[in-house]
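Welcome, and thanks for taking a look at this one with us. Below is a short tour, grouped by topic, to read alongside the coordinates.

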Amino acid sequence: MSMTTDTPTNPEVDSGSPGHTPTGSRKGRRSGSVTGTARLASALVSPTLLVLAVVVMYPIIAALYQSLFVSGQRLDAQGFVVEGRQFVGLGTYADILFGPAAERFWNAFWNTTFFTVVTVALETVLGMAMALVMHQAFRGRGLVRASVLVPWAIPTAVSALLWRWIFAPDGVANAILDQQVLWSSQAFASKIAVITAEVWKTAPFVGLLVLAGLQVISREVHEAATVDGASAWRRFWHITLPLVKPALVVAVLFRMLDALRMFDLPFILIGQQKDSVETLSMLAFSEATNVHYGPAAAYATLLFAYVALIAFVFVKLLGADVIGEARSQVTKSRGARFRRGKGSAR
Amino acid sequence: MKTLRWRPVSVMMVAAFVVAGCGGGGGDSSTSSEISGRGPITFATGKDVTGAVTQAVETWNGSHPDQRVRLIELPADGDQQRQQMVQNAQTESGAFTVLDLDNVWNAEFAANRWVVELPKDEFDFSPFLESAMKTARYRDRLFSVPAYSDGGLLYYRKDLLNKVDAQPPTTRKQMREICAKVLKLPAAEGMSCYAGQHAKYEGLTVNFAEAVHGAGGQIVNDQGQPTVDSQEALRGLETMVEGFRSGIIPRAAIAYKEQPNKRAFIGGELVFSRNWPFMWSQANADDGSSKVAGKFAVAPLPGITGKGVSSLGGHNLAISSFAENKATALDFIKFYTSKKQQRQRLVKGSLAPTRSALYDDPELQRKYPYLDTLKKSIQSAEPRPRVVNYGDVTLAIQDEVYAAISGDKKPDKALNALQRRLEKLIEQK
């Protein structure tokens with residue numbers, strides 16, 4: 001949370017200055033104009049920050065605050081629930097991390113992590129392959145592009161229902177495999193079912209973003225490499241992949257953030273309270289439906305912290321270009337981007 | 001590269017939407033428990049599939065133009081109905097006046113003061129089924145009125161039992177013996193003996209409670225203390241586990257809810273099936289959708305050591321604490337649970353009544369040949385545990401019982417763990 005405290009002033013300096021400050025300005029001149037620019041900039045963006053504070057910061061803080069309380073835990077002499085809530089501090093978190101709820105929490109934590117790693121890895125490979133196919137010029141390309149997107153266009157709840165029928169005891173999957181796998185009850189089988197449905201649904205998303213990345217790669221680079229005698233594999237590995245990396249990294253980041261929140265697919269496909277597929281979001285939901293708002297808020301806050309941590313690490317390590325920084329760099333020097341793109345992670 | 005600063009922030013904002021959905025709750029309540037005021041009200045109930053509820057509301061509105069009832073149809077799924085009603089209570093909204101509660105929610109809604117206490121002396125409950133009335137009270141005070149009832153039935157293949165000259169079983173042991181003979185028949189090729197509802201959901205709690213009660217045990221005793229570490233409860237759970245291990249219950253049945261169970265029975269895969277009365281008309285459909293039309297009958301559920309005990313299904317009507325025009329609401333409940341209205345809903349919607357006289361009506365018995373058996377089932381039925389945090393209790397039961405029937409835990413270990421969890425859940429209260 002502390003990271004957000006210095007947001008109101010700094011970003012404006014950074015994003016505002018390239019336009020106003022002439023390139024190659026000296027340090028003394030810069031600091032003189034910055035205070036005025038910064039003040040104007042913060043005045044201009046303050047409505048946005050206000051909206052963000054209401055729709056983003058308030059729910060986070062409210063959830064955090066709520067997680068410090070429990071309610072409805074005691075009955076009075078007539079059997080009525082004692083109203084109001086008690087402050088328990090970090091007691092709920094202690095219960096979740098080390099106490100009676102720990103087993104369920106860590107199980108959900110590892111499920112969430114497992115699903116994220118496996119599905120995002122599969123989606124990246126498949127999405128990449130889809131993008132490469134869609135990028136080729138061939139007859140019926142438009143049809144292929146459109147049809148690849150169909151799974152992505154279907155709402156998750158609906159596709160989960162479709163897959164539930166496929167994975168029913170007397171469903172299509174068992175008929176094809178000619179075996180009686182109980183997809184909704186066997187631990188490993190249900191994980192496979194969720195992964196299959198998730199990859200089916202979201203690989204096209206990765207494919208689409210990568211395709212967009214592929215299309216900005218200039219044809220000349222490939223032609224030059226071909227003239228130099230590079231094989232197809234070498235061209236892919238040393239030209240396509242580095243150049244498409246910015247788009248790919250953003251796609252993977254978005255998929256990871258999405259997969260960490262995974263809820264509706266296992267919920268509908270396999271069901272509630274199934275240890276093998278229970279994710280952190282499902283835990284929070286399950287507590288909230290049983291009117292335990294304190295623990296529900298605690299689970300949501302822990303998930304939030306986990307998502308934020310993963311995203312932060314990911315951005316640091318791979319330098320995902322989330323806010324279109326590269327675009328502003330490109331306007332400065334187009335060539336520099338290509339050089340950097342070819343090299344390792346900045 | 002100063003812009004790096006922005007990144008964690010923007011990332012956190014993306015992540016923030018994860019928690020944005022959570023919040024609410026708390027707040028003071030200004031409950032008015034007085035039943036007064038007349039005027040338009042609403043009736044929140046599950047999806048009215050048959051149109052029987054709509055018909056009742058229209059009848060009321062015809063005779064009460066200035067106290068109209070507006071029907072609010074909630075989703076068909078019970079958990080979602082409860083969620084919407086709880087949310088309505090948490091926000092102290094007056095949107096729902098009369099609530100159609102699953103009878104296991106009575107204690108929770110009463111203890112949280114989400115529904116008002118009803119005046120006992122304004123009703124004559126003597127014609128009502130006593131087992132259904134148990135679900136209407138909380139600590140000897142009346143909070144709801146039973147409007148529908150439901151009990152489990154043992155569906156059996158009359159044609160096959162006749163071939164081996166067997167009567168419908170009254171114990172699980174007899175059922176196994178009959179199966180041993182029936183499954184040797186050429187006509188029973190590829191069939192399985194029995195299935196109930198064993199998927200991990202509310203139906204598993206229902207089936208487990210029936211096994212425990214059928215072995216003479218209790219999940220929660222009359223003083224409200226959990227007693228699942230008893231020999232009787234163990235006997236009940238072992239019967240379920242043994243059913244799967246010996247193959248009496250087919251392996252696929254561990255994923256059965258009501259509908260897959262029905263599909264298996266009407267597809268001719270089962271000799272015996274535990275299901276609700278709704279299956280009767282679909283199993284008896286002569287349009288070719290059922291392979292067992294005219295070949296089956298129903299009996300009360302078999303017991304394990306004693307007589308069979310069904311879990312009691314059904315819905316009760318209650319009045320939200322936060323709504324206006326509670327006097328109208330009380331009148332509407334009286335009207336809705338009257339003999340005439342219950343009869344109409346049975347005829348139009350096959351909804352089982354809570355007044356015992358209707359089960360003996362010869363005209364209705366001709367239309368619904370299972371009525372007599374259903375009455376026996378409901379009369380001897382036991383409600384599921386009547387505890388304030390039923391949601392937590394049923395989840396704990398499902399966890400441990402499912403672990404036992406899927407072979408992950410020994411039955412005695414599962415019951416010990418369940419006992420400890422229930423003690424903790426009920427002690428908190």
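## Briefing on the model

In chain A, 32% of the 346 residues count as buried. Please keep in mind that this is a predicted model. The secondary structure of chain A consists of 16 helices and two strands.

**Contacts and core**

- Take the contacts in chain A with a separation of 6 or more: 68% of them come from residues 24 or more positions apart.
- The largest nonpolar core holds 187 residues. Val210(A), Tyr299(A) and Tyr155(B) are the residues with the most contacts inside this core.
- Helix H11 of chain A, residues 232–260, supplies the largest share of this core, with 13 residues.
- As background, nonpolar side chains in soluble globular proteins tend to be buried together.
- Which residues does Tyr299(A) touch, leaving aside those up to four places away in sequence? They are Ile96(A), Leu280(A), Leu283(A), Ala284(A) and Glu287(A).

**Domains of chain A**

- Chain A is split into two parts: domain 1 covers 2–18 + 28–66, and domain 2 covers 103–342.
- Where these two domains of chain A touch, domain 1 contributes five residues and domain 2 contributes seven residues.
- On the domain 1 side of this contact, helix H2 of chain A (residues 27–66) gives the most, with four residues.

**Backbone points to check**

- Asp178(A) is not a glycine, yet its phi is positive, at about 55 degrees.
- Asp178(A) sits in the loop that links helix H8 (172–177) to helix H9 (187–215) of chain A.
- Is Asp178(A) buried or exposed? Asp178(A) counts as exposed because 6 other C-beta atoms lie within 10 Å, and the cut-off for exposed is 12 or fewer.
- Chain B has a residue to look at too: Asp140(B), which is not a glycine, has a positive phi near 65 degrees.
- Asp140(B) belongs to the loop between strand S4 (137–138) and strand S5 (141–142) of chain B.
- Asp140(B) has 7 C-beta neighbours inside 10 Å, so this residue is classed as exposed.

Definitions and conventions:
Residues numbered from 1 in each chain as written. Chains lettered and ligands numbered in written order. Predicted model: local features only at pLDDT ≥ 70, side-chain atom pairs only at ≥ 80, totals over all residues. Core = buried A, V, L, I, M, F, W, Y, C linked by C-beta atoms within 7 Å. Buried ≥ 20, exposed ≤ 12 C-beta atoms within 10 Å, placed from the backbone. Domains from an automatic or database assignment.
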